[in-house]
Structures are given as C-alpha cells and as structure tokens.
Amino acid sequence: MIAMQDALRAAIARAGWDRDPPRDPETAEAYLALLATLYATGRRDLPLGRLLEGHVDAVQIVGRYGTAAQVERLHAALAAGAMLGVWNAGLAGEPLILADGRLSGGKSYASGAGVLTHALVTAQTDDGNRLLLVDLAAVPPAIDRDWWRMTGMQRSETHQVRWAGAAIDAAATIGHPEDYVREPFFSGGALRFVAVHAGGVAGLCDRTRDHLVATDRAGDPFQAARLADLYGLAEAAAGVVRRVADDWFAPGNDARLMRVAAARLAVADAAERAIVLAQQSVGLAGHFRDHPLAAMLTDLAVYLRQPAPDAQRLRVGAAVASGALVPSL
C-alpha cells in the first residue's frame, strides 16, 4: 500500500499535475496529451493507471463544479501531495447518506482506499445526489479489505468503505445536485479509462516481444505472426482512442458520446484478442507470478470488466442503425 502511494504520488508529479492540475481539455491537442499520459502509465502498470485516471477524474470534477475557494484549496492540497479518487458505486443495502451534516453508509469498488488522501464521493441528500470532497485523514472510513479477492488489479486497493455518522464540513459539498452525471462529461469521461486499457494492450505486446527475444524464439514464424497480430491490435486500440479525442471538439459532433462507447467496445475486443495471443506466445512461462507478463494478463482481464458492456453495444448498434455513426477514413 505504501509502495502504491509512492508510485501514485510520483506519477502525478511526473505528469506535472501537482503544480499544474489537470483541467477539462479545451483542444484536441490538450486532450490527447492527457490521454497519452494515462496510456503510458497503463502500459507500465495497470493498477497505477487506474488510480491515476481516478485522480484526474476527481480533480477535473472539482475544477468544473467547485467554487473558486474550493478549487484554490484543492490546488494547495495537490501541491502538498494530495491524491484523489472518485467513489461512486453504492454499497448494497448501505447507501451513503448525508443528513444533518453527518455521513453514514458506504461505497463499494472504492479504488485507492488506504492509498488516497481525498475521495470525491456521491451521497444522497434531501436535495438529491451531491458530490462531497472528503479529506480521508480528517474523516477516515472503515475499510473492508477482505472483499477484494480478485485474480488481478489487487494493487488498485479497491475495497469497500463505510462511515458511521461522520461529521462533514459544509465546505466539502461540490457543485449542485446531480452534477456527477452531467453530460458530456459523465459518459465521455470513459475515454480516459479506455486509454489506460489501450496502454495495457501495448504492454502485452511489449512483454511478449521481450520474452520471445530473450528466449531466442522471436524468429519462429508462428511467433513472428503472433507478434505482428499483437502489434496490429495495440496500434488499433491506440488509434481508436486518438481518433475519438481528435474528433471530440469537431463542430457538430453530436455523436461523440456514441464514439466513446464504440471506442470502449473496440479496445475491449482488441484487448481480449491480445490476451489470447500473448498467452499463446509465451505459454506456461507467462503464468509464473514473477514473470513480467503475468500481472499484465490478469490485471487487464479484470480491468476490462467495466459496467454494462452489453448496454454499450446496444447503444452503438442503435447509433449505427440511425445513421448517427457511419464508418469513414
């Protein structure tokens, strides 16, 4: 956990985001630069990429909906090493509720629990769902670490958290009710984690190539063919992310959210195929726990399991049927 704290803080500093916090991009170039950082991080380390993407999401949300004073406080905290995440998934039977200044209930899939310094959480209030920026040192949750028993992404420290009547300062409330689900930011933001997934596909290509070269098997024609396919999948995954980002600010791009959904599907399909190819290429050696490929295989397989994939496919199919999405060069 300490190692991940150090790694996340270093990743934020390496991107310059402690001194110049990430904002909502206003140009395609700025959007691509942000996504390229997430892609490169995922290529090296998917759990770290997951946490870095969550940090960007939280900082952008506070910058978008927070008051000037809240943004100023956040920037000061970031300069001092703050690390953020967004905890939105409800805990079954224990919804997070803010009433009379007290926070009770919990969150599931709370990535970075025990790692982050601040969490941006959604909580039910009398006014609707509100965003709260919780200082986790001042208002620590109880963390259930027994729940996250997964085959991959263990280092993302994704746990269940609970508060029981914790006092919350009114200044912690960010924005207005239902701000978290406002479009195009809510659905469009998926492109950030798709970029991390695409980095994971490149990471599989890297590690498979390194293994085959080190074991003097890259010249085998079957292995060469698999490397060619892996390269093609990695390039296709990166290319679809790049194109959606390029088109995001195009005038009249009414289908941009559909394009994000289509990118999510395309990258997931490429990743599934890449996992199979990498396993075929490296064989049993890639399943030893200390092999460089092993963690990337299991981490990517778990990280691809994002919510409602079938719903995304239905949305994209409907957009193709209506003519909103049309293939082009």
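Analyst: The turns below discuss a strand, a pocket, the nonpolar cores and one glutamine.

Analyst: This is a predicted model, in which local features need pLDDT of at least 70, side-chain atom pairs count only at pLDDT 80 or more, and totals for chains, interfaces and linings use all residues. Residues are numbered from 1 along each chain as its sequence is written, and side-chain values use heavy atoms, with hydrogens and water left out.

User: Why is strand β4 largely enclosed?

Analyst: Strand β4 (residues 118–125) is largely enclosed by the rest of the structure because 6 of its 8 residues are buried. Buried means under 20% relative accessible area, exposed over 50%, and partly exposed in between, with a 1.4 Å probe and protein chains only. Strands (E, at least two residues) and helices (H or I, at least four) are DSSP runs, numbered from the N terminus.

User: Which way do β4 and β5 run, parallel or antiparallel?

Analyst: β4 and strand β5 (residues 128–135) run antiparallel and are joined by 8 bridges; two strands pair if DSSP finds at least two bridges between them. Ala123 has Arg130 in β5 as its bridge partner, and the two strands form a hairpin with 2 residues between them.

User: And what about β1?

Analyst: Strand β1 (residues 84–87) runs parallel to β4, with 4 bridges joining them. The partner of Val86 in β4 is Leu120.

User: Changing topic: which residues have the most contacts inside the largest nonpolar core?

Analyst: They are Leu8, Trp87, Leu103, Trp163 and Leu191, in a core of 79 residues. A nonpolar core is a set of buried Ala, Val, Leu, Ile, Met, Phe, Trp, Tyr and Cys residues joined through side-chain atoms within 4.5 Å. Apart from this core lies another of 15 residues, among them Ile61, Tyr65, Leu84 and Leu120.

User: What does Leu103 touch?

Analyst: Not counting residues up to four places away in sequence, Leu103 touches residues including Ala123, Leu132, Val134 and Trp163. Contact means heavy atoms within 4.5 Å.

User: Is Gln223 buried or exposed?

Analyst: Gln223 counts as buried, because its relative accessibility is 4%. This residue is in helix α7 (residues 221–247), and Gln223 touches Leu212, Arg217 and Ser281, leaving aside residues up to four places away in sequence.

User: Finally, what is the make-up of the second largest pocket's lining, by class?

Analyst: The lining has 10 nonpolar, 2 polar and 3 charged residues. Here Ala, Val, Leu, Ile, Met, Phe, Trp, Tyr, Cys and Pro count as nonpolar, Asp, Glu, Lys and Arg as charged, and the others, Gly among them, as polar.
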